[in-house]
Amino acid sequence: MRLVFVIYFALIQLGLSPECEAQAKTEVQVKAEEFSNLRKLVMPPAVQRVVGGEVTTIEKVGGFIVALHYENSFICGGSLVKDRIVLSAAHCFLGRTNKSLWLIKGGVSNLNDDGPTVALRDYVIPSAFDQASMHMDVAILLLDKPLKGPNIKQIQLCKTQLLPNMVLTVSGWGLVDPEGTFVQKTLRTVSVPVIKKKKCKQVYRSSIQISNSMFCAGLLGKKDACTFDSGGPFVYKDKSGQLELCGIVSFGIGCASSTYPGVYTDVNYVKPFILSTIANF
């Protein structure tokens with residue numbers, strides 16, 4: 001079986017109405033050379049329409065999702081948890097270690113929209129993270145100044161124990177080009193259920209070890225996250241309507257695969273590292 005790590009998740013597997021499909025054809029070009037560190041990875045096959053989700057707005061999502069840019073190119077999503085703290089995925093920083101080249105934009109539904117944008121002061125990834133295992137795939141970003149403005153809000157860290165079949169929502173900006181060179185401008189969202197960890201470990205056992213820092217979710221063959229929006233939020237809404245950041249988009253094999261669910265960093269598991277890092281900034 002050919003291993004297809006979707007390291008830069010985007011939501012090209014989120015279904016759209018015909019009207020929305022027309023909007024989805026508007027693209028922002030991204031230089032392929034920006035992803036030279038991922039040349040050994042095989043990207044998923046071409047999918048010209050997304051499956052199982054919808055176009056949304058920053059207001060509907062909750063205002064906490066941000067877009068991370070490196071050398072003025074969109075790279076990953078992230079979540080604002082404090083006015084100067086963003087959570088994303090560690091692998092977003094592979095080959096992109098120059099802090100001065102990062103910019104974080106908030107409050108936008110479309111990547112071309114103007115929104116409050118701040119520089120990166122510092123970032124920390126766990127020493128336990130490596131590209132081969134994807135264990136502890138989390139990055140804590142310290143912004144140069146508070147990210148504030150219209151449609152910008154913060155999200156609290158997860159405090160709910162995730163169980164199989166609980167439904168969470170993933171949001172991000174999609175991709176339609178099979179070579180990973182075109183990013184969708186429009187924010188999208190899809191809701192998918194958590195999958196039993198035992199089952200997830202079984203289906204991935206020949207490819208990668210599903211560690212304690214990971215959990216899996218997806219409606220197999222129908223709904224999933226996909227290429228180019230790693231680091232984005234996977235959110236649970238509790239009974240009172242409060243939103244909790246419970247997952248970070250990490251990796252997968254294929255897109256909306258009938259066999260392989262998406263894999264997310266478990267915020268509950270990495271929370272001690274997150275909190276200690278924030279305290280030491």
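K82 stands opposite I85, a residue of strand β6. The model behind this picture is a predicted one, in which local features need pLDDT of at least 70, side-chain atom pairs count only at pLDDT 80 or more, and totals for chains, interfaces and linings use all residues. Residues are numbered from 1 along each chain as its sequence is written, and side-chain values use heavy atoms, with hydrogens and water left out.

Strand β5 (residues 73–82) and β6 run antiparallel and are joined by 3 bridges. With strand β9 (residues 139–143), β6 pairs in the antiparallel sense over 4 bridges, and here S88 sits opposite A139. What about the two faces of β6 (residues 85–88), buried or exposed? Both are covered: I85 and L87 on one side, and V86 and S88 on the other, are all buried. Buried means under 20% relative accessible area, exposed means over 50%, and partly exposed is in between (1.4 Å probe, protein chains only).

Zooming out, 6 strands close into a barrel with antiparallel pairing, in the order β4-β5-β6-β9-β8-β7. Neighbouring strands of this sheet are turned by 45° against each other on average, direction ignored. (Axes are lines fitted to C-alpha atoms, for helices over the stretch in contact, and angles run from 0 to 180 degrees between N-to-C directions.) Strand β4 (residues 65–70) runs antiparallel to β5 and is joined to β5 by 6 bridges; A67, for instance, has G77 in β5 as its bridge partner. Helix α4 (residues 267–280) lies across β5, β6, β8 (117–124) and β9, at about 25° to β9.

Next comes the nonpolar core, meaning a set of buried Ala, Val, Leu, Ile, Met, Phe, Trp, Tyr and Cys residues joined through side-chain atoms within 4.5 Å. The largest one has 61 residues, and F93, I104, L141 and I274 are those with the most contacts inside it. Domain 1 (63–154 + 272–280) and domain 2 (155–267) both give residues to this core, so the core lies between them; the domain bounds come from an automatic or database domain assignment. Apart from this core lies another, of 13 residues, including A90, F129, I195 and M214. Leaving aside neighbours within four places in sequence, I104 is in contact (heavy atoms within 4.5 Å) with a list of residues that includes V66, A67, V86, L141 and L147.

How many salt bridges does a search of the whole structure find? There are 2, a salt bridge being a side-chain nitrogen of Lys or Arg within 4 Å of a carboxyl oxygen of Asp or Glu. In one, D122 pairs with K99, and the closest N and O atoms are 2.8 Å apart. D122 lies in strand β8 and K99 in the loop between β6 and β7 (102–106), so the pair ties together parts that are 23 residues apart in sequence. D122 is partly exposed at 23% relative accessible area, and K99 is partly exposed too, at 33%. D144 forms a salt bridge with R121, with the closest N and O atoms 3.0 Å apart. Since D144 is in the loop between β9 and β10 (156–157) and R121 is in strand β8, this pair ties together parts 23 residues apart in sequence. D144 counts as partly exposed at 36% relative accessibility, and R121 is partly exposed at 44%.

Terms used
Pairing = 2+ DSSP bridges.
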